[in-house]
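Here is a walk through a structure, one part at a time. Keep the 3D view open while you read.

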Amino acid sequence: MAVQLDRVRRVFNNTHVVIAGMDLRIDTGEFLAVLGPSGCGKSTLLRMIAQLAEPDSGQIRTEPDGERFQTAFVFQDAHLLPWRDVLDNAALPLELMGESKARRDEKARAALDQVGLHDALDRYPAQLSGGMRMRVSLARALVTEPRLLLLDEPFAALDEITRFHLDVQLRELWQRRGMTVIFVTHSVSEAAFLANRAVVLARSGGAIKLDRILELPAVRNNELRGDPRLGQEMRLLLGAIEE
Amino acid sequence: MKKTLLPPLIPFAVLTLLAEFLVRQGFVRAYLVPAPSAVFRAMLDSRVELVQALLSTSAGSLAGFAMSALTGIAAAVLLSSSRGVQRAFYPYAIFFQTVPLIAVAPLLVIWFGFGIQTVIASAFVASVFPVIANTLSGILSTDPPLRDLFRLYGASPLVTLFKLRLPAALPQVFTGLRVSAGLAVIGAIVGEFIGGGGLGSVVDVARTQQRIDKVFAAVLLASLLGLALFGLINLLSHLTLRRWHASEQPD
């Protein structure tokens, strides 16, 4: 699924311009990282693409148009329903979409299997580690087989080792499924490691300071973390943020 | 069970022994505070009357409490439907908290007549507000990202209410019910003072007969009834929340 933004503007409280006329195209199958300082409008941009917030002017189009429930959203924290076990949490989107119990359980099991949680189906969120909770959240997003996956700093609250594991897992999932991914993050290293393309937003008004195709190998694993090419991309992104 | 019951029983035993000692030694006048042994004796002597009164007060309290629980939750759901509805009707819900029950009780007798109806109405008026306030607060503080998630997958307001907002509000609903349980017993006793019957009447009559031991016996039974209701809500809360809410999980 491709996303096209034309002169998108978003203002808070009639005074604070968060995004002032953004033009951006994200092609089908791209893995785009959106970087920028706090308050620059990254999360607002993601919410508008998900149709959870309306732009004040301009237009956001998805291609192909009009397909329902093709977008999934992963939040900063896992935000699971604590009274449901892992299987029922992962199956929630399908339940809301009206799928039968048997069908949604089958799909939720498959999604949980993909994130390595096949043996925790009957556990409750309170019994899981932070990393496992985030995996359930990822499975919940993948269960509808979305064509557009939006992630709003999903691994920010996790420890570094867990984050490294989830980065690799997310990248593999993207390669296997071929969906479009928009990943908002504060972390330059995470953006460079994960994405094929990175956009850096300015501190105010959401202007695009850098739009770059990252020149890195397609297969990303932990060995790449010591690669000088990754370091070079990180320096470029950091330079654009601090500019 | 041992761990839950033992700590409160120790101060109870100590205070009972102390009261017995102070009254027997004449430090406290028996017509002001009776010896615990005298209260126990009064309980035994009037056991048939007290048990009947306890059953009557229990029925009034439980019925008033059940009405408060159902009406309170329903009212909170309605109030949560829009800010406009909240602004228009929430002040009337606060009325139930601020109304001086003892002054309104005679009105209840005029409206509902002498008997259990007045007791139930009084228990209801005393106990409905905590259920409304806590349930409403729980419904309104649903996690915003979860609300977004439900919107993203096209959930209707009714589906969001039953699958997200009400379950998320359950810990606060139980907090409201705990407060409400004690208030329902107080409301029932006040209703019985005016409307007749139950432990409220026993207290009223024993007071006029200077039977302070019997007054204490009836008050003790009313307190035990409040404790039993509180315990029942705690048990329900534990069974419902034990798997997922920190308040019901071991330290």
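Buried residues account for 37% of the 251 residues in chain B. The model is a predicted one. Chain B has 10 helices and 0 strands. Read from the N terminus, its elements therefore run α-α-α-α-α-α-α-α-α-α. The C-alpha trace of chain B spans about 75 × 50 × 30 Å along its principal axes. Take the contacts in chain B between residues at least 6 apart in sequence: 76% of them join residues at least 24 apart.

Now pick out one pair of helices in chain B. Two packed helices are described by the angle between their axes and the distance between the axes. Helix α3 (residues 47–79) of chain B packs with helix α4 (residues 83–98) of chain B at an angle of about 150°, and their axes are 9 Å apart. Angles over 145 degrees count as roughly antiparallel, so α3(B) is roughly antiparallel to α4(B). Which residues meet here? From α3(B) come Ala75(B), Leu78(B) and Leu79(B). They meet Val85(B), Gln86(B), Phe89(B), Tyr90(B) and Ala93(B) in α4(B). By class, the residues of this contact between α3(B) and α4(B) are 7 nonpolar, 1 polar and no charged.

Turn to chain A. Here 3 strands form an open sheet, in the order β2-β1-β4 (chain A), and the pairing is antiparallel. At the edges stand β2 (16–26) and β4 (57–63) of chain A. Each has a single partner strand, so one side of each is left without a neighbour in the sheet. Direction ignored, neighbouring strands of this sheet are turned by 15° against each other on average.

Look along one strand pair. Strand β1 (residues 2–12) of chain A is joined to β4(A) by 6 bridges, and the two run antiparallel. For Arg9(A), the bridge partner in β4(A) is Ser57(A). Helix α1 (residues 42–49) of chain A packs on the sheet. This helix touches β1, β2 and β4 of chain A. The direction of α1 makes about 120° with that of β1(A).

Last, bring the chains together. How many residues of each chain are in contact with the other? Chain A gives 15 residues, in contact with 17 residues of chain B. On the side of chain A that touches chain B, the elements giving two or more residues are β5 (71–74) and α2 (86–96) of chain A. That side of chain A has 12 nonpolar, 2 polar and 1 charged residues.

Notes: Residues are numbered from 1 along each chain as its sequence is written. Chains are lettered from A and ligands numbered from 1 in the order in which they are written. This is a predicted model: local features need pLDDT of at least 70, side-chain atom pairs count only at pLDDT 80 or more; totals for chains, interfaces and linings use all residues. Two residues are in contact if their C-beta atoms, placed from the backbone, lie within 7 Å. Helices (H or I, at least four residues) and strands (E, at least two) are DSSP runs, numbered from the N terminus. Ala, Val, Leu, Ile, Met, Phe, Trp, Tyr, Cys and Pro count as nonpolar, Asp, Glu, Lys and Arg as charged, and the others, Gly among them, as polar. A residue is buried if 20 or more other C-beta atoms lie within 10 Å of its own, exposed if 12 or fewer, and partly exposed in between; C-beta atoms are placed from the backbone. Two strands pair if DSSP finds at least two bridges between them. Axes are lines fitted to C-alpha atoms, for helices over the stretch in contact, and angles run from 0 to 180 degrees between N-to-C directions. Angles under 35 degrees count as roughly parallel, over 145 as roughly antiparallel, 65 to 115 as roughly perpendicular and the rest as oblique.
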